[in-house]
Amino acid sequence: MKIVYYAPEGRPEPWLEELAKHLPQAQLRVWTEADQQAADYAVVWKPPLPLLRLPGLKAAFNLGAGVDGILQHGAQLPPGLPIVRLDDAGMGEQMVEYASWAVLAYFRRFDDYARQQQQAQWRFLKPYPKREFTVGILGMGVLGRQIAAGLRQFGFPVNGWSRSRKDIEGVQCFAGDDELDGFLRASRVLVCILPLTAATTGILNRANLEKLPAGAFVINIARGPHLVEDDLLALVQNGHIAGATLDVAQQEPLPASHPFWREPRITITPHVAAVTLRPISIEQIAGKIRMLERGEPIAGVVDRSLGY
Ligand code: NDP
Ligand code: OXD
């Protein structure tokens with residue numbers, strides 16, 4: 001069995017070593033531009049199109065949950081090639097940590113106290129009532145559901161929005177475009193953990209963000225293009241949005257000249273909300289390769305018509 005590996009950044013060797021541990025019989029190689037040799041499986045992050053067109057390819061395993069870096073090739077992708085996403089692989093726990101940190105920072109006003117510290121100010125700020133601090137989660141998939149459960153443990157009211165209707169204990173579930181307005185109007189904190197698709201690109205735009213209650217907070221841990229950055233900046237500057245925590249940006253790395261860096265109510269992290277954990281991710285991928293080799297169906301195959 002031949003497996004090609006590709007990622008635009010980072011050293012490939014540790015990934016190949018990990019693959020070799022789980023699939024000792026496989027011939028492993030790092031894909032380079034000139035490589036047109038046959039392969040059975042590809043293990044990739046943001047792969048160029050020619051890699052996905054290698055002869056003999058039976059499936060492409062994405063080294064992340066979001067497959068936008070593969071589906072961006074659109075109709076040029078080989079039609080029958082299964083694209084397989086990472087299913088949690090330790091990302092849910094990281095997302096719960098990140099979302100809890102950001103929500104608690106706003107709820108307990110740690111962000112305000114940090115700004116007060118810059119001015120050497122020792123000043124009490126009135127706490128927010130928790131029952132009014134509803135967290136609305138856009139995207140109730142593998143990661144969104146775990147974030148919801150984590151935030152429920154802190155006692156926050158939690159709402160969720162997804163394409164298909166969910167029934168999750170303790171979470172008020174909204175579904176589809178018709179229920180988006182009601183969901184937004186009830187969200188004091190909005191957490192975006194949607195996949196990036198044609199339907200979700202630009203969803204965090206001015207019209208939608210204005211539906212949030214005045215003084216709302218926005219947390220984007222999904223993809224940069226979900227957010228219309230100028231719209232958010234204007235709403236932060238006019239006070240409608242009291243703060244935003246952004247792990248992703250339209251252009252990554254966020255350019256040094258970007259106004260987000262200088263806006264004190266915007267917190268930036270460099271796309272680290274949930275990183276791909278090598279051992280658990282490769283274990284998951286190797287397990288699925290073995291299943292495919294045995295002719296068994298696997299979970300996590302992307303529905304190209306939906307884009308996730
Ligand atoms: P899933 O595919 O498991 O879940 C996606 C959720 O979004 C589902 O609930 C789905 O609805 C919902 N959804 C999709 N399209 C729409 C739509 N048009 N309207 C309403 N709801 C919609 O994905 P994951 O939870 O595993 O991951 C989500 C995203 O998080 C990834 O695609 C990736 O971009 C991002 N991510 C970011 C990371 C970071 O470090 N910043 C790390 C990991 C992931 P339904 O349930 O009905 O299908
Ligand atoms: C992912 C990511 O999609 O790391 O997994 O962004």
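**Exercise 1. Strand S4 and its sheet**

Task: Find the bridge partner of Tyr41 in S4, then state the order of the strands in the open sheet of 5 strands.

Solution. Step one: Tyr41 has Ala59 as its bridge partner in S4. Helices (H or I, at least four residues) and strands (E, at least two) are DSSP runs, numbered from the N terminus. The model is predicted: local features need pLDDT of at least 70, side-chain atom pairs count only at pLDDT 80 or more, and totals for chains, interfaces and linings use all residues; side-chain values use heavy atoms, without hydrogens and water. Residues are numbered from 1 along each chain as its sequence is written, and chains are lettered from A and ligands numbered from 1 in the order in which they are written.

Step two: strand S3 (residues 41-44) and strand S4 (residues 59-62) pair in the parallel sense over 4 bridges; two strands pair if DSSP finds at least two bridges between them.

Step three: the 5 strands follow the order S2-S1-S3-S4-S5, with parallel pairing, in an open sheet. Strand S2 (27-30) and strand S5 (83-84) are at the edges with a single partner strand each, so one side of each has no neighbour in the sheet.

**Exercise 2. The sheet of 7 strands**

Task: Give the order of the 7 strands and say which strands stand at the edges.

Solution. Step one: the order is S8-S7-S6-S9-S10-S11-S12 in an open sheet, and the pairing is parallel. Step two: strand S8 (171-175) and strand S12 (266-268) stand at the edges; each has a single partner strand, so one side of each is left without a neighbour in the sheet. The twist averages 15° from one strand to the next, with axes as lines fitted to C-alpha atoms (for helices over the stretch in contact) and angles from 0 to 180 degrees between N-to-C directions.

Step three: strand S9 (residues 189-192) and strand S10 (residues 216-220) run parallel and are joined by 4 bridges. Val191 stands opposite Ile219 in S10.

**Exercise 3. Ligand 2**

Task: Which residues are around ligand 2, and which side chains have an N or O atom at 2.7 Å or 2.6 Å from one of its oxygen atoms?

Solution. Step one: the residues around ligand 2 are Trp45, Gly64, Ala65, Gly66, Met91, Arg223, His271 and Ala274; a residue is near a molecule or strand if one of its heavy atoms lies within 4 Å of it. Step two: the side chain of Arg223 has an N or O atom 2.7 Å from an oxygen atom of ligand 2, and for the side chain of His271 the distance is 2.6 Å. The protein buries 88% of the 210 Å² that ligand 2 exposes when taken alone (Shrake-Rupley method, 1.4 Å probe; for residues, only the protein chains shown count as cover).

**Exercise 4. Ligand 1**

Task: Why does ligand 1 lie between domain 1 and domain 2?

Solution. Step one: domain 1 (2-89 + 276-293) and domain 2 (91-268) both give residues to the shell around ligand 1, so ligand 1 lies between them; the domain bounds come from an automatic or database domain assignment. Step two: of the 29 residues around ligand 1, Arg85, Leu143, Ser164, Lys166 and Tyr308 come nearest. Step three: a backbone N or O atom of Met140 is 3.0 Å from an oxygen atom of ligand 1, and one of Val142 is 2.9 Å from an oxygen atom of ligand 1. The protein covers 93% of the 930 Å² of accessible area that ligand 1 has on its own.

Note on methods: A polar contact is a pair of N or O atoms within 3.5 Å; within protein, one must be able to donate a hydrogen and the other to accept it, and residues adjacent in sequence count only if both atoms are side-chain atoms.
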